[in-house]
Amino acid sequence: MQRTITRVLLVVFGLVEAVVGIWPLVSPTGFYQDFPGFRTGWVAMDGPFNEHLLRDFGGLNLGLAALLIGAAVIGTTAVARLAAVSALLFGVPHFLYHVGHVAHFEPIDQVLINVTTGLGVLLPLAILLLPARRISPPATR
């Protein structure tokens, strides 16, 4: 069981990250121009090709990879489902963006982009839908 302070820190950190995660999904332009909201837009200051956003994207993908692989190593259903929900929260907006933004690619690339980003939705859904492993009660004599 976790200490209370650990739980409080996880909730506070999670709530801060939730705001930072929801904002660009709801208002990408607003996030780009105005983040953090109380100073001049820090993201827009880096310009249109934004190394900062690319590094953040890479770092968040690595964080998600650590969670998914860690869930496989830990092996509990609860952790696997938490990892799947985390993957869906990333995968669904990513997939929906690409579905609407592939017209400028060659047809084969359109298919490949939609299939690969679609897997980022289908695989976590499969994990969520798989039933938990049943543990048989000990045999009685």
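How many helices and how many strands make up the secondary structure of the protein chain? In this predicted model, the count comes to 5 helices and 0 strands.

**View 1. Order of the elements along the protein chain.** Read from the N terminus on, the elements follow one another as α-α-α-α-α, in keeping with a secondary structure of 5 helices and 0 strands.

**View 2. Overall dimensions of the protein chain.** The C-alpha trace spans about 70 × 50 × 20 Å along its principal axes. The radius of gyration of the protein chain is 19 Å, whereas a compact globule of 141 residues would have a value near 14 Å.

View 3. Of the 141 residues of the protein chain, 16% count as buried, and the chain exposes about 11100 Å², of which carbon and sulfur atoms supply 71%. When contacts between residues at least 6 apart in sequence are considered, 35% of them join residues at least 24 apart.

**View 4. Placement of the charged side chains.**

**View 5. The peptide bond between Phe35 and Pro36.** Most peptide bonds are trans. The bond that leads from Phe35 to Pro36, however, is cis, with omega near 15 degrees. As for its setting, Pro36 lies in the loop that runs between helix H2 (28–34) and helix H3 (51–74).

How values were computed
Residues are numbered from 1 along each chain as its sequence is written. This is a predicted model: local features need pLDDT of at least 70, side-chain atom pairs count only at pLDDT 80 or more; totals for chains, interfaces and linings use all residues. Side-chain values use heavy atoms; hydrogens and water are left out. Helices (H or I, at least four residues) and strands (E, at least two) are DSSP runs, numbered from the N terminus. The radius of gyration is taken over C-alpha atoms; the globule rule is 2.2 Å times the number of residues to the power 0.38. Buried means under 20% relative accessible area, exposed over 50%, partly exposed in between (1.4 Å probe, protein chains only). Contact means heavy atoms within 4.5 Å. Accessible areas come from the Shrake-Rupley method with a 1.4 Å probe; for residues, only the protein chains shown count as cover.
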